[in-house]
Amino acid sequence: MNKIQHMVNNAYDKLFIKNMQDLVRGIRLCDNEQEYISECCTEIRSEIRVNEMETKCLAVAKLIYLNMLGYDVSWASFAIIEVMSSTKYRYKKVAYLASSIIFHADIEVLMLTTNLLKKDLNSRYEEDIFLALDALSNFVTLDIARDIYQDVLARLSSSNEIIRCRATLVVYKIFLSYPEALPQSFVRLKSLLHDPSHIVQLAAVNVMTELARYNPKSYVGLAPIFYDILIKTSSNWLSIKIVKFFAYVAPYQLVLGTRIIEPLTNYIHTTSAVSLLYECVKAVLAIQEPLFKQNSDLKKLKHGRSHYIDICIQKLVDLVQDTDQNLKYLGLYSIKTALKLKPSSISHLNHVFFECLDAKDVSIQSCAIDLLKTIAKRDTTMNIVKKLFFKLENSEGLVFRNKIFNSMIDICKADNYSNISNFEWYVGLLIDLVRLEGNNHGKTLANCLIDLTTRVTSIQLFTVEQCSVIIEHPNAILGKFADPKQIYNFLSASVFLVSEYYEYLYDPVSTLTSLLKMKINYPDWTQITYLQSIFKLYARIVYNFEISSLDLKSDHNSDNSEKESRIKTDYRRKFYKSIKHKMSTFFQSTSIELKELAQVYSSILSICHDQMENKKNFGSDLIELFDGRLEQVAPTAQKRVPIPESINLNKWIYAPPTSPIAKRKTENSYGLSKSLLDDFNVIEFPSQETEPKEHIKNSHVNLLTDEINSQPQSIQKEHSDGLATSINLLNINVINDSLNITRKNETFKKKKRNKRKTSRKPEPSVHESSENSPILPMVAPYTEPDNGKILDESDDDEQKKLHRNLNFELMPNLEMQKGK
């Protein structure tokens, strides 16, 4: 009676258990998914505690669905293992499926599966063996692999070809977790290459190919076996795997490469399978690459084998011209490899890459841009850049537009502008890029303009003419669609160039007048450039007026000399008043740097006014502030300057001051002195006894002046002269610090002191004299920095880390087998 009652209660409870249909329907129809799934998990927790295996199996099935939705159900791992131990196949397969999906290496109860897997691997039922092998490949760990790999190896001798095939693939996953199993099982795995079953042979070839992918030297000895399989098989998929194997190992065995290349070429000509054709082309290119990197002893071999590269390129071009977008991309990607081996065979394919710029797939367009950038030459640069500019105008997407822009600049700047035959065209290109709608590279374009002008002397006249027009009409020249910030960057570069290369200006007075019309809404960095350029032009104009006035006075036959001299004097006074009036604009700025610079120039201007009222010439003194020429310096040039032996960087330049810097050291960040701190019982952090040398290097001039004033009168004069020299060195260009521009003047012949303690040997000068080269246009060279990167283990991907442990000496090399 009690048994019947128990059965009735169980049947009654099952009526209210949600099956899979109820769970899926409820999730789709509920208003609050989180709340509904929380209720379902509560029900599942109670279901996995019951003794009936059917109820537990249903709960596990529902856990699989919840895990597929992204919910963590690893809390039910023990219940899954319980269902895995069932003797009924219909329960066991659900649990094994759940373990394949849910289990991972961090689950604590994972070790409980070891005995279950052993039992099922040695079961007399093939279905149980299938389940165990499939699940093991998904959650195998080091401990499980060490305990169970012998049972898996035993399955390699099974009479069932499906079991042998699956066991072969599982062995590969065991090798990754437990590398020590590879040497012990290699002979058995190698024998499967001769297995009569096609699927087992294919699985063995797959495993060997993957092992040879990261450790090819250990598997060179398998080449004869793979070659026999290749010439006998009719399966394209097996051929693809074998071709991949040869692509991995042949570069490490040149003799093997020369023997296998002919059969691969035959496949290229005869096969109709595009996938096999592509793999053969890749293999031939991989085999040819080490041959083309050898010394001159193999020149004849290179010449004799170069026609294989031509065949591969022709097949890749056919793939590029195919309508299938995937094949088109694969063809372009592989052409990059062929380009490294034989660039001359691809130089005539510009039209093919131009067609790829119109492809719908962005990855294809990006790959075509990379190839165009690589094959650009002096006679094709203008055409390529023109196509890229048109593509830039009609493209969307910031990342892709940036790639096109960077490619255009890289093509033009490659090898010190060796690809450019018309520099005036390049200057016009930079201006067109600035006015382009959506441009966000104003700073880069400004740097390019300055770099070109300072290094190519023949273009300076044209550049200054264009810059003067831009200054007079910035909005009309640069366009109404351009970003104002990008206009200001390019405008700053233009302003700097017209003042730096003053001698090329057709009408300096008109240019100075345009500079004085600067708007107050310009950014601070643009106003600073304007302020500096205004004074540079003013100094040069005044100096030229004074020189011409002296010439007029010496010319006694000229009746108009006094009149012209009076006109030029009026010009000087007019410009003085205009600049003085403009100073009020700079003083209203919120930039402290701009205000300070304006104050300095205002003081200089007052001195000039006094000299003007006393009818004295001051142009020669004023122009000395801006004397010298700016030239490009390599980013690594400072490191090449040796430290003089007479300089000790560890010593103080002056004795540690006692006043007023010592007083500052006793103050906290709020300006309170130490005595005040003691009165208010404020805890003060201890300060260092000596200040670092970086502080002395970067300290302001007023602190240095205070220090000099605090010393005896006998040495104040000597220090004051040094301070005056230091102030002259503060003539810094603030247009763009990244340009690394320095003044070539006597005051700058004293280089910066290097912070390194070790001395360097002197190296050749960074610049070369432009007078020695009669050929124009000449680009002034500078040393490029070394951007190479040393790779270490942290740069390897996860797969390489796993396969690094599988580098064993498994069998002798191919040369050792020749005598057999």
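Helices here (H or I, at least four residues) and strands (E, at least two) are DSSP runs, numbered from the N terminus.

Figure 1. Since the model is predicted, local features need pLDDT of at least 70 and side-chain atom pairs count only at pLDDT 80 or more, while totals for chains, interfaces and linings use all residues. Residues are numbered from 1 along each chain as its sequence is written, and side-chain values use heavy atoms, with hydrogens and water left out. Of the 820 residues in the protein, 45% are buried (under 20% relative accessible area; exposed is over 50%, and partly exposed is in between, with a 1.4 Å probe and protein chains only). Now for contacts, meaning heavy atoms within 4.5 Å. Take those between residues at least 6 apart in sequence: 70% of them join residues at least 24 apart.

**Figure 2. The second largest pocket and the helices around it**. A pocket is an open set of points on a 1 Å grid over the protein atoms alone, with protein on both sides within 12 Å along at least five of seven lines; lining residues have an atom within 4 Å of a point. This one holds about 860 Å³ of space (grid points are joined across faces, edges and corners, and a volume is the space filled by probe spheres set on the points). Its lining counts 22 residues, and Ala-247, Tyr-248, Lys-282, Ala-286 and Glu-289 lie nearest the centre. Helix 16 gives the largest share of that lining, eight residues. Helix 12 (198–214), helix 14 (236–249), helix 16 (274–291) and helix 18 (325–341) each put in at least two. Sorted by class, the lining has twelve nonpolar, two polar and eight charged residues (Ala, Val, Leu, Ile, Met, Phe, Trp, Tyr, Cys and Pro count as nonpolar, Asp, Glu, Lys and Arg as charged, and the others, Gly among them, as polar).

**Figure 3. The largest cavity, with a volume of about 80 Å³**. A cavity is a set of grid points where a 1.4 Å probe fits but cannot get out. The structure holds one cavity of 30 Å³ or more. Helix 22 (residues 398–417) supplies the largest share of the lining, four residues. Among the lining residues are Leu-398, Arg-401, Asn-402, Phe-405 and His-441. By class, the lining comes to five nonpolar, five polar and one charged.

**Figure 4. Tyr-417 and its ring partners**. Rings of Phe, Tyr and Trp (its six-membered ring) pair if their centres lie within 6.5 Å; planes under 30 degrees apart count as stacked, over 60 as edge-to-face and the rest as tilted. That rule gives eleven aromatic pairs. Elsewhere, ring pairs link Phe-226, Phe-245 and Phe-246 into a cluster.

**Figure 5. Two charges over rings**. What counts is NZ of Lys or CZ of Arg within 6 Å of the ring centre and within 35 degrees of the ring normal. Arg-166 lies over the face of Phe-130, 4.7 Å from the ring centre. Lys-387 does likewise over Phe-354, at 5.6 Å.

**Figure 6. Helix 5 (residues 77–84), mostly covered**. Six of its eight residues are buried: Ser-77, Ala-79, Ile-80, Ile-81, Val-83 and Met-84. Their cover includes helix 4 (53–68), helix 6 (89–102) and helix 7 (113–121).
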